[in-house]
Amino acid sequence: MADPLPGYRITKQIGVGAGSKIMLGVELKSGKTFAVKHVTRNAPDDDRFLAQTENEYRVSSKLSHPYLRHSFHLHRVRKLLAVKELYLVMDWVDGLTVEKARPNRLNTFLTLFGKVAVGLQAMHEVGYVHADIKPTNIMLAPRGVVKVIDFGQACPMHHRKERIQGTPDYIAPEQVRRLRLDQRTDVFNLGATMYWVLTSEKYPTAIRGTDARGGISLVTSDKPIAPIELNDKIPLSLSILVMECCRENPDERPADMKQMGARLAVVQKLWRKYREKVRAGRHVAEQASGGGAQTVGGTIQVNNDTVRSVEEGE
């Protein structure tokens with residue numbers, strides 16, 4: 001039986017997405033391995049998954065950045081002139097999503113989200129908003145590889161969508177109100193994602209899943225609790241940044257991903273200074289006690305910012 005995707009040999013299924021299957025495909029000409037998203041129209045409701053995949057290709061084929069997944073080719077299978085199947089050929093990322101591989105060290109967290117901010121800034125400069133940043137749309141792989149994936153809900157900068165689109169636990173207020181979206185929408189989505197990674201709690205957005213009839217359930221947002229109140233080991237400066245990202249008014253959030261990246265870098269610099277001081281204190285304590293290790297805990301004031309230890313590792 002011939003392979004369904006011309007020029008590629010499908011080897012196995014590696015996952016599932018919204019209305020899709022994710023498979024591995026080997027390009028026959030080059031021998032390179034790619035990820036292949038396969039979407040099939042089995043019912044009228046599947047039209048939205050076809051549309052999202054078409055949109056993903058339209059956007060991600062224009063992106064060329066190491067932290068953004070690139071799409072190379074879209075193969076359409078037609079029956080009676082109508083598209084019945086789509087095969088989207090994409091970068092293969094041999095790793096796990098942030099949801100499945102949540103960083104448990106602060107330095108790793110800051111490096112990861114610093115890279116995500118750099119990637120999203122590059123996307124914004126091309127003129128697109130991702131509009132669905134969440135833990136399942138950020139992938140981690142060995143050797144520090146980070147990829148933002150799934151551009152099915154991406155849209156041009158300042159676009160106003162006809163219907164509410166987004167993931168309830170990470171959606172920005174302007175997405176719920178169907179206002180124009182810009183880079184600050186991604187700032188909110190990223191802030192809500194960081195909130196979950198740091199606290200294991202979901203940021204209280206204006207959507208609470210679906211109602212009894214299957215429609216979107218809109219609520220008045222609960223008053224959010226700052227990350228540092230849920231986990232007092234989080235640096236104060238990082239807790240403040242996350243809360244500013246998730247402000248209801250886009251004008252009160254960091255203006256863009258450049259600001260996000262710069263502020264994450266400051267937190268990381270402060271954290272590294274703190275760790276160096278902890279190591280130095282531990283070394284002095286060991287010498288004073290004849291080699292017996294002692295714990296150095298508490299807080300340290302660095303450049304007027306209180307930095308608390310997250311754990312003994314980096």
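By class, the lining of the largest pocket splits into 17 nonpolar, 16 polar and 11 charged residues; here Ala, Val, Leu, Ile, Met, Phe, Trp, Tyr, Cys and Pro count as nonpolar, Asp, Glu, Lys and Arg as charged, and the others, Gly among them, as polar. The model is a predicted one, where local features need pLDDT of at least 70 and side-chain atom pairs count only at pLDDT 80 or more, while totals for chains, interfaces and linings use all residues. Residues are numbered from 1 along each chain as its sequence is written, and side-chain values use heavy atoms, with hydrogens and water left out.

That pocket holds about 1,300 Å³ of space. A pocket here is an open set of points on a 1 Å grid over the protein atoms alone, where a 1.4 Å probe fits, with protein on both sides within 12 Å along at least five of seven lines; lining residues have an atom within 4 Å of a point. The volume is the space filled by probe spheres set on the points, with grid points joined across faces, edges and corners. In all, 44 residues line the largest pocket, and Val16, Gly17, Ala18, Asn137 and Asp150 lie nearest its centre. Strand S1 (8-17), S2, strand S3 (33-40), helix H1 (47-60), strand S6 (96-97) and strand S11 (207-210) each give two or more residues to this lining. H1 gives the most, with 5 residues.

Of the 314 residues, 49% are buried, with buried meaning under 20% relative accessible area, exposed over 50%, and partly exposed in between (1.4 Å probe, protein chains only). Among contacts (heavy atoms within 4.5 Å) with a separation of 6 or more, 58% join residues 24 or more positions apart.

Now for two single residues. Lys21 sits in strand S2 (residues 20-27) and is partly exposed, at a relative accessible area of 44%. Not counting residues up to four places away in sequence, Lys21 touches Gln13, Gly15, Val16, Val36, Lys37 and His38. One of these, Lys37, is 16 residues from Lys21 in sequence, with 5.8 Å from C-alpha to C-alpha. Glu244, in helix H6 (residues 236-245), is buried, with a relative accessible area of 17%. Leaving aside neighbours within four places in sequence, Glu244 is in contact with Glu252, Arg253, Pro254 and Arg263.

Technical notes: Helix = DSSP H or I, 4+ residues; strand = E, 2+ residues; numbered from the N terminus.
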